Amino acid sequence: MSNVQKQIEEIEAEMARTQKNKATNYHLGTLKAKLAKLRSELLNGPGGKSAGSKDAGRGFDVTKSGDTRIGLVGFPSVGKSTLLTTLTGTRSEAAAYEFTTLTCIPGTMKYKGARIQVLDLPGIIEGAAEGKGRGRQVISTARTCNLILIVLDAGKPLTHKKIIEAELFSFGIRINQVPPNIKIVKKEAGGIGYQEMTPQTKGMNAEVCRMVLKEFKISCAEVILREDVTVDQFIDVIEGNRSYMPILYVFNKIDSITIEELDILDQMPNYVPISSRDKWNTEELMEEIWNKCNMLRIYTKPKGQIPDYEEPVILHSAKNPTVEEFCNRIHKSLMNSFSHAWVWGRSAKHQPQRVGKDHELMDEDVVQIVKKAG
């Protein structure tokens, strides 16, 4: 066992036996900061480069294609290869023994006009973030995806879900979270400035803030907390190399469990039950993928022609995208000659409506771009 791994286990053991209350907040914060630094060193070497850097265990060399990319992550022999074949038609070797897939197999599925690249990644095992079983390569590639599907065997214990979540967390992936609203500005002098815009009830205060920053060798900075955050979230912002990714739990092989067991699973958020072998419920899975990736279809209409309903422009946005975002998705230089646009669809007050670059579009709108004269 490496010296760093031994230190991590010692700190984790001390945290486990320390009671959580106001009096121990400072001590627990110190331990969490030390733990984060040691984990970063374990993943990236003594230089402490970011978890996404090329020295941190390079991912599989797969060219990104299509409108979005999703990765299949899970233990060996949970049905990832069969699911890839079901969704995309791409043949990935599937067998009853473990570790059938030894490299990354890409495939492309079409849904609502969008081309979605699906990556069948090799099965990971406990300790993947430390490099066991090509785990770093698998998780490094998963970080490049817009959405991760955690594929689980419905007949296996739910502890498998916790193990995979822990491995992804160790590698800097934050599951179904958004970046915390914290601003940290480093300064040349002036010490630590600390402001709370909302009351902190999860362990953060000025003393803990200064101690954590000291652990990361930051002596002068302005810190503004705009929401109620934990010490772990504060450390994530300091490290600056976290990936906040949407995750969907796909419980495969539901043909092997009872209705009562399925009812228990049904209480879990962000989950879809399927049987990739029997092609059960794959339509709901594709709809959930579409919603999780926040995809919208915008159809183009050349002047004097009918709209192109076969190849929509796919935009990713949690809120309604603007005409400017639509133009930039087609080509970055399009806005240089942009005059106005004609829009048909739900976002238009009348059909068509002449709009500027700030007009917000909605799903399945039709847009005609008009360039400047001359």
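Ile-182 has Leu-225 as its bridge partner in strand β8, where strands are DSSP runs of E of at least two residues and helices are runs of H or I of at least four, both numbered from the N terminus. This is a predicted model, in which local features need pLDDT of at least 70 and side-chain atom pairs count only at pLDDT 80 or more, while totals for chains, interfaces and linings use all residues. Residues are numbered from 1 along each chain as its sequence is written, and side-chain values use heavy atoms, with hydrogens and water left out. The protein chain holds 10 helices and 16 strands. Of its 374 residues, 47% are buried, that is, under 20% relative accessible area with a 1.4 Å probe and protein chains only, against over 50% for exposed and partly exposed in between.

**Overall contacts**

- Contact here means heavy atoms within 4.5 Å.
- Among contacts between residues at least 6 apart in sequence, 64% join residues at least 24 apart.

**The sheet of β6, β8 and β7**

- Three strands form an open sheet in the order β6-β8-β7, with mixed pairing; two strands pair if DSSP finds at least two bridges between them.
- The edge strands, each pairing on one side only, are β6 (182–186) and β7 (192–196).
- From one strand to the next, the twist averages 10°.
- β6 and strand β8 (residues 221–225) run antiparallel and are joined by five bridges.

**Helices across this sheet**

- Helix α6 (residues 206–215) lies across β7 and β8 and runs at about 140° to β7; axes are lines fitted to C-alpha atoms, for helices over the stretch in contact, and angles run from 0 to 180 degrees between N-to-C directions.
- Helix α7 (residues 231–239) lies across β6 and β8, at about 45° to β6.
- The N-terminal end of α6 is capped by Asn-205, with a side-chain oxygen 3.1 Å from the backbone nitrogen of Glu-207.
- Val-208, Cys-209, Met-211, Val-212 and Leu-213 are the buried residues of α6.
- Lys-217 follows α6 and has a positive phi, near 60°.
- Thr-30, in helix α2 (residues 25–44), touches Met-211 and Glu-215, not counting residues up to four places away in sequence.
- Thr-30 counts as buried because its relative accessible area is 15%.

**Strand β3 and its partners**

- Strand β3 (residues 114–120) is largely enclosed by the rest of the structure, because six of its seven residues are buried.
- Strand β1 (residues 68–74) runs parallel to β3, and five bridges join the two.
- Within that pair, Ile-70 has Val-118 of β3 as its bridge partner.
- Strand β2 (residues 105–111) pairs with β3 in the antiparallel sense over seven bridges.
- Ile-105 stands opposite Asp-120 in β3.
- The hairpin of β2 and β3 has two residues between the strands, and Lys-112 there takes a positive phi near 55°.

**Nonpolar cores**

- A nonpolar core is a set of buried Ala, Val, Leu, Ile, Met, Phe, Trp, Tyr and Cys residues joined through side-chain atoms within 4.5 Å.
- The largest such core has 55 residues, of which Leu-149, Leu-285 and Ile-289 touch the most other members.
- Strand β4 (residues 147–153) supplies the largest share of this core, six residues.
- Leaving out residues up to four places away in sequence, Ile-289 touches Ile-70, Met-109, Ile-116, Leu-147, Leu-149, Leu-248 and Met-295.
- A second, separate core of 21 residues includes Ala-36, Leu-213, Val-223 and Ile-238.

**Cysteines**

- A disulfide is a covalent bond between the sulfur atoms of two cysteines.
- Taking a disulfide as a pair of cysteine sulfur atoms within 2.5 Å, the count comes to zero.
- The sulfur of Cys-104 is too far for a bond, because the closest cysteine sulfur, in Cys-145, is 7.9 Å away.
- Cys-293 is likewise in no disulfide, and its nearest cysteine sulfur, that of Cys-145, is 9.7 Å away.
- Cys-104 is buried at 9% relative accessibility, and Cys-293 is buried with a relative accessible area of 7%.

**Gln-368 in strand β16**

- Gln-368 belongs to strand β16 (residues 365–371).
- Gln-368 counts as buried because its relative accessibility is 10%.
- The side chains of Gln-368 and Lys-301 are joined by a polar contact of 3.5 Å.
- A polar contact is a pair of N or O atoms within 3.5 Å; within protein, one must be able to donate a hydrogen and the other to accept it, and residues adjacent in sequence count only if both atoms are side-chain atoms.
- Beyond its neighbours within four places in sequence, Gln-368 is in contact with residues including Pro-302, His-340, Trp-342 and Trp-344.
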